[in-house]
Amino acid sequence: MTVGTAFHPRTAPLNAGLQWREWSGFFAASAYHASHVIEVNAIREAAALIDVSPLFKYELRGPDAVRLVDRLIVRDATKLTPGRVFYTPWCDEHGKVLDDGTIHRLEDEDGAQVIRWTAADPQIRWLRMNAHGLDVDVREVSESVAAVALQGPLSRSVLEAATGTPFADLGYFRRRPATLAGIPIDVSRTGYTGDLGYE
């Protein structure tokens, strides 16, 4: 059954044309306006907010979390230090690309490395199979972690106004915790639009 994301109660009234599609079991807006040109121009000239909650999200936690990541991606995961984000593909044992996404290194907790892995397609079984012999717990957190992409040249101004926190010092493919209206959030300087953006 298709359901709305955590943001659906706020975004549904804005979808005047009722242009919805199914994305990983969630309602996703295909466009909010009759013409997609307005939304493209917002990303190129101002800022736009995209609900990307339907992406699959996983948490890897334990002393061997980075070792698991290093088994799977085409980059050197030992360079994935707390606060960094990698955008990378991952491959099967024959080198075939399975998917791509972002891998966030969160702050270590009680001696455990913590990774947030995002993907377009389901990966839980594959991640757990590859974790064999490692001290790492792999959990799916897709339904408990909502996500938006704030993209466009004015995205930093919008983010700073909403959080009351400066973000000019947050480097490309870096992340850090913040709060929004008293709610803990995680902000990364990432996105797929080719413009300034945050997720």
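How many salt bridges does a search of the whole structure find?

Author: The model is a predicted one, and a search of the whole of it finds ten salt bridges. Side chains of opposite charge can pair when their charged atoms come close.

The setting is an open sheet of five strands, arranged in the order 5-6-7-4-8 with antiparallel pairing. Strand 5 and strand 8 each have a single partner strand and stand at the edges, so one side of each is left without a neighbour in the sheet. On average, and with direction ignored, neighbouring strands of this sheet are turned by 25 degrees against each other.

Glu59 has Arg139, in strand 8, as its bridge partner. The side chain of Glu59 also meets that of Arg61 in a salt bridge, at 3.0 Å from N to O. The two residues of this salt bridge fall in separate accessibility classes. Glu59 has a relative accessibility of 15% and therefore counts as buried, the limit being under 20%. Arg61, at 26%, counts as partly exposed.

A further salt bridge joins Arg105 to Asp108, with 2.9 Å between the closest N and O atoms. Arg105 counts as buried because its relative accessibility is 8%, which is under 20%. Asp108 is partly exposed, its relative accessible area being 42%.

Asp186 and Arg175 form another salt bridge, in which the closest N and O atoms are 2.5 Å apart. Asp186 belongs to strand 11 (residues 183-188) and Arg175 to strand 10 (residues 175-180), so the pair ties together parts that are eleven residues apart in sequence. Arg175 is buried, with a relative accessible area of 4%, whereas Asp186 counts as partly exposed at 22%.

Helix 3 lies across strand 4, strand 5, strand 6, strand 7 and strand 8, and runs at about 35 degrees to strand 7. In helix 3 (residues 65-72), the buried residues are Ala65, Val66, Leu68, Val69 and Leu72. Viewed down the axis of helix 3, these buried residues fall within an arc of 155 degrees, so they line one face of the helix. The buried residues of helix 3 pack against strand 4 (56-62), strand 5 (85-91), strand 6 (97-105), strand 7, helix 4 (124-130) and strand 8 (137-140).

The side chain of Thr118 makes a polar contact of 2.6 Å with the side chain of Thr102. Leaving aside residues up to four places away in sequence, Thr118 touches Phe56, Lys57, Trp90, Asp100, Gly101 and Thr102.

Note on methods
Residues numbered from 1 in each chain as written. Predicted model: local features only at pLDDT ≥ 70, side-chain atom pairs only at ≥ 80, totals over all residues. Heavy atoms only, no water. Polar contact = N/O pair within 3.5 Å; in protein donor to acceptor, adjacent residues only side chain to side chain. Contact = heavy atoms within 4.5 Å. Buried < 20%, exposed > 50% of the residue type's maximum accessible area, 1.4 Å probe, protein only. Helix = DSSP H or I, 4+ residues; strand = E, 2+ residues; numbered from the N terminus. Arc of directions from axis to C-beta. Pairing = 2+ DSSP bridges. Axes fitted to C-alpha atoms, helices over the stretch in contact; angles between N-to-C directions. Salt bridge = Lys/Arg side-chain N within 4 Å of Asp/Glu carboxyl O.
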